[in-house]
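Me: I have a model open and want to learn how to read it. Can we go through it feature by feature?

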2 protein chains.
Amino acid sequence: MPAMKTLKTDWRVVLVRPRNPLNIGAAARAMANFGIRDLVVVSPYEPTWQEFRSAVGAVEVVKLARAVPSLIEAIGDATLVIGTTAGRRRNLDRGLIPLPELAAWLKKHESHSRASILFGSEKTGLSNEALSYCHGLVQIPTVADCPSMNLGQAVAVCAYELERAGVLPSNPPRWTVHRSDPARLQSLEHLYERITRVLDEVAFLRPRSRKAMLIKIRRLLLDLGLTNNDARILGAVLAQVEWKLSQKRKEEVSKQNSKVES
Amino acid sequence: MPAMKTLKTDWRVVLVRPRNPLNIGAAARAMANFGIRDLVVVSPYEPTWQEFRSAVGAVEVVKLARAVPSLIEAIGDATLVIGTTAGRRRNLDRGLIPLPELAAWLKKHESHSRASILFGSEKTGLSNEALSYCHGLVQIPTVADCPSMNLGQAVAVCAYELERAGVLPSNPPRWTVHRSDPARLQSLEHLYERITRVLDEVAFLRPRSRKAMLIKIRRLLLDLGLTNNDARILGAVLAQVEWKLSQKRKEEVSKQNSKVES
């Protein structure tokens, strides 16, 4: 990899469950226009994916595109995830970044080398589950009476904004080298799974609030800004807690068994 | 018209000879997303236009859209015309405005109340003739190996930039009231036609350089920044010159006739 490349962020566009192959193709074209090459599509409908892949005159982005079954497989190696939303329907518990302010927002996150930007399906946008993986949510400043953009056009506008922000590898470098080693989403997801198991074990999660609480915990993990080393240490701590809890459970089970036997 | 409206520029999107009805529809959708309502299509292929107009679920922009036979009819009432170009093929004799710098450029032209932004056909872009009507040419910062954008996406990106620049009526006003009364394109075109006739009459235009010279003159007229009053005065002066020249021609003709007779 050339030295210049490491000064910039590698951007991936992730389309979550798109319906229309023409829209995937349009997204690929817009990416190619701004020099973004990495396209991942999460669980596309199979005929949609086949039709997209066989597009005549397809740009290189189409040839390199991958389909994966789950969102975490699409963003596991990213250290920064940006979601896109119309931002009008939901009560989102984090602030929206107006797209024109994304450049300034990214300046504060300049240590990231691998970033993903997510786009939801044409009909529903991103789910709350998908949004819970996002460090930031951008909103394209559309008007109130026609807020929902065509998918390919939304990708075009966001790609243009990334270009304008100077964070794409095709641009002359403006940013400095990484100051830290931010944790990959995959490591954070492993931590999250361990935490969930531990909280279930200690009966912290109530059935009624379980889902909302877990989403809060995932966001907390994102917001901590852990490095990969932090994630390793925290993972080891949680593994130890899990081990202790399982020992305790075994003891209790054997105590109860001996009570029953006696 | 509400008082707020006059603080802003009314923007029109002009598509010159688009081929694909889906692209016109996509342009209309992008316009609607950013609150631009005025779409004019110059000499579309008739079936293309019919197909576009009958689009299911068409937004209001589609219903209001007009087709006109010539570019001057599309932009005649504008006082500011922006062209869009990939800017790589031609030797353009005026500087390109990178799209991210359009906001700053427009600040210098804030007295305009009616502006048009032109997009050429999918295959050829805007002709040199069409570019000669433009006060400024913007270039979307695409990469060198895939410079040509999809028409609908190009409109989306430019509409987003106008929104970002704060020049659309949907935005809170940032600009001040008109300081002058800039001339409409139609008035400038009448001046241009008068000048052409006068120059032909005095044999200023040589066949070989005629076309290039006329394009230079049209640009000069744009760059003068004439007000409507200036245009009226200049028009009256030229009308007088034309009349004098025609009198002179008549005299010469009658002199020659009398020579022949004598």
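Me: What is the strand order of the open sheet in chain A?

Reply: Keep in mind that this model is predicted. In general, strands of a sheet pair through backbone hydrogen bonds, either parallel or antiparallel. In chain A the order is β3-β2-β1-β6-β4-β7-β5, an open sheet of seven strands with parallel pairing.

Me: Which are the edge strands?

Reply: Look for strands that pair on one side only. In chain A these are β3 (66-68) and β5 (96-98). From one strand to the next, the twist averages 30 degrees.

Me: How many bridges join β4 and β7 of chain A?

Reply: Three bridges, in the parallel sense, link β4 (residues 80-84) of chain A with β7 (residues 136-139) of chain A. For a landmark, find Thr84(A): Val138(A) in β7(A) is opposite.

Me: Which strands does α7(A) touch when it packs on the sheet?

Reply: α7(A) touches β1 (10-16), β4 and β6 (114-119) of chain A. The direction of α7(A) makes about 150 degrees with that of β6(A).

Me: How do I read helix packing? At what angle do α1 and α7 of chain A pack?

Reply: Take the angle and the distance between the axes. Helix α1 (residues 21-33) of chain A packs on helix α7 (residues 151-165) of chain A at about 15 degrees, and their axes are 8 Å apart. Angles under 35 degrees count as roughly parallel, so α1(A) and α7(A) are roughly parallel to each other. Their crossing is right-handed.

Me: Which residues make that contact?

Reply: From α1(A) come Asn23(A), Ala26(A), Ala27(A), Ala30(A) and Met31(A). From α7(A) come Leu151(A), Gly152(A), Val155(A), Ala156(A) and Ala159(A). By class, eight are nonpolar, two polar and none charged.

Me: Now the other chain. By what turn can chain B be laid on chain A?

Reply: Ask for the turn, the shift along the axis and the RMSD. Chain B goes onto chain A by a turn of 180 degrees and a shift of 0.0 Å along the axis, with an RMSD of 0.1 Å. That is the relation of a two-fold axis. The same surface serves both copies, as 100% of the contact residues of chain B recur in chain A.

Me: What is the strand order of the open sheet in chain B?

Reply: Its seven strands run β3-β2-β1-β6-β4-β7-β5, with parallel pairing. Look at β1 (residues 10-16) of chain B and β2 (residues 38-42) of chain B: they pair in the parallel sense over five bridges. Arg12(B) stands opposite Asp38(B) in β2(B).

Me: Which helix lies across β1 and β2 of chain B?

Reply: Helix α1 (residues 21-33) of chain B does, running at about 160 degrees to β2(B).

Definitions and conventions
Residues are numbered from 1 along each chain as its sequence is written. Chains are lettered from A and ligands numbered from 1 in the order in which they are written. This is a predicted model: local features need pLDDT of at least 70, side-chain atom pairs count only at pLDDT 80 or more; totals for chains, interfaces and linings use all residues. Side-chain values use heavy atoms; hydrogens and water are left out. Axes are lines fitted to C-alpha atoms, for helices over the stretch in contact, and angles run from 0 to 180 degrees between N-to-C directions. Helices (H or I, at least four residues) and strands (E, at least two) are DSSP runs, numbered from the N terminus. Angles under 35 degrees count as roughly parallel, over 145 as roughly antiparallel, 65 to 115 as roughly perpendicular and the rest as oblique. A crossing is left-handed if the near helix is turned anticlockwise from the far one by less than a right angle, and right-handed if clockwise. Contact means heavy atoms within 4.5 Å. Ala, Val, Leu, Ile, Met, Phe, Trp, Tyr, Cys and Pro count as nonpolar, Asp, Glu, Lys and Arg as charged, and the others, Gly among them, as polar. Two strands pair if DSSP finds at least two bridges between them. Copies are superposed by least squares on the C-alpha atoms of residues with pLDDT of at least 70 in both.
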